[in-house]
Amino acid sequence: MLLLSLLFLALAALQARYSLPDSMVLAVVSLTYARGWQKKDDGYVLAATMLASALGAVDVVSAIAKALESVILHETPAFGLTPAALGLLALPLYKIKRWAQ
């Protein structure tokens, strides 16, 4: 869990170039993972995983919407994801961790 905490802290730093509110959410995810590691409580880890997955899903849907908008307006399609999209990887990592126990 400490590795996930450090990963999301790095993602928060990278995300700050694109969106400060998303960066703050990633920082909260990082702190929640660290708290779960500190207390050895799976509830914190599950909460951080759900928050990271939700942020990742919103980021992907937002990128798809921007790409569709550019197609509808006959502009050059641009599909750009931010580092927040990597939050979608949190749920499979959580499931693998639970399966390995």
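This is a predicted model: local features need pLDDT of at least 70, side-chain atom pairs count only at pLDDT 80 or more; totals for chains, interfaces and linings use all residues.
A search of the whole structure finds one aromatic pair. The pair is formed by phenylalanine 8 and tyrosine 33, whose ring centres lie 5.6 Å apart, with 20 degrees between the planes. Because planes under 30 degrees apart count as stacked, the pair of phenylalanine 8 and tyrosine 33 is described as stacked.

Serine 23 is part of helix α2. With a relative accessible area of 7%, serine 23 is buried. A polar atom of the serine 23 side chain lies 2.7 Å from the backbone oxygen of alanine 12. When residues up to four places away in sequence are not counted, serine 23 touches Ala12, Gln15 and Ala16. One of these, glutamine 15, is located in helix α1. The relative accessible area of glutamine 15 is 0%, which means that glutamine 15 is buried. Neighbours within four places in sequence being left aside, the contacts of glutamine 15 are with Asp22, Ser23, Leu26, Thr82, Pro83 and Ala84.

Leucine 3 is also found in helix α1. The relative accessible area of leucine 3 is 71%, so this residue is exposed. The C-alpha atoms of leucine 3 and serine 30 are 9.6 Å apart in space, while the two residues are 27 residues apart in sequence.

A further contact joins helix α3 (residues 42-72) and helix α4 (residues 90-100), whose axes come within 8 Å and cross at roughly 150 degrees. This angle makes α3 roughly antiparallel to α4, because angles over 145 degrees are placed in that class. On the α3 side, the contact is made by Asp42, Val45, Leu46, Thr49, Ala52 and Ser53, and these meet Ala90, Leu91, Tyr94, Lys97 and Arg98 in α4. The residues of the contact of α3 with α4 divide into six nonpolar, two polar and three charged.

Two residues in loops were examined for their backbone angles. Lysine 40 is placed in the loop between α2 and α3. Although lysine 40 is not a glycine, its phi is positive, at about 55 degrees. The relative accessible area of lysine 40 is 66%, and lysine 40 is therefore exposed. Histidine 74 is placed in the loop between α3 and α4. Histidine 74 is likewise not a glycine and has a positive phi of about 60 degrees. At 75% relative accessibility, histidine 74 counts as exposed.

Key:
Residues are numbered from 1 along each chain as its sequence is written. Side-chain values use heavy atoms; hydrogens and water are left out. Rings of Phe, Tyr and Trp (its six-membered ring) pair if their centres lie within 6.5 Å; planes under 30 degrees apart count as stacked, over 60 as edge-to-face and the rest as tilted. Helices (H or I, at least four residues) and strands (E, at least two) are DSSP runs, numbered from the N terminus. Buried means under 20% relative accessible area, exposed over 50%, partly exposed in between (1.4 Å probe, protein chains only). A polar contact is a pair of N or O atoms within 3.5 Å; within protein, one must be able to donate a hydrogen and the other to accept it, and residues adjacent in sequence count only if both atoms are side-chain atoms. Contact means heavy atoms within 4.5 Å. Axes are lines fitted to C-alpha atoms, for helices over the stretch in contact, and angles run from 0 to 180 degrees between N-to-C directions. Angles under 35 degrees count as roughly parallel, over 145 as roughly antiparallel, 65 to 115 as roughly perpendicular and the rest as oblique. Ala, Val, Leu, Ile, Met, Phe, Trp, Tyr, Cys and Pro count as nonpolar, Asp, Glu, Lys and Arg as charged, and the others, Gly among them, as polar.
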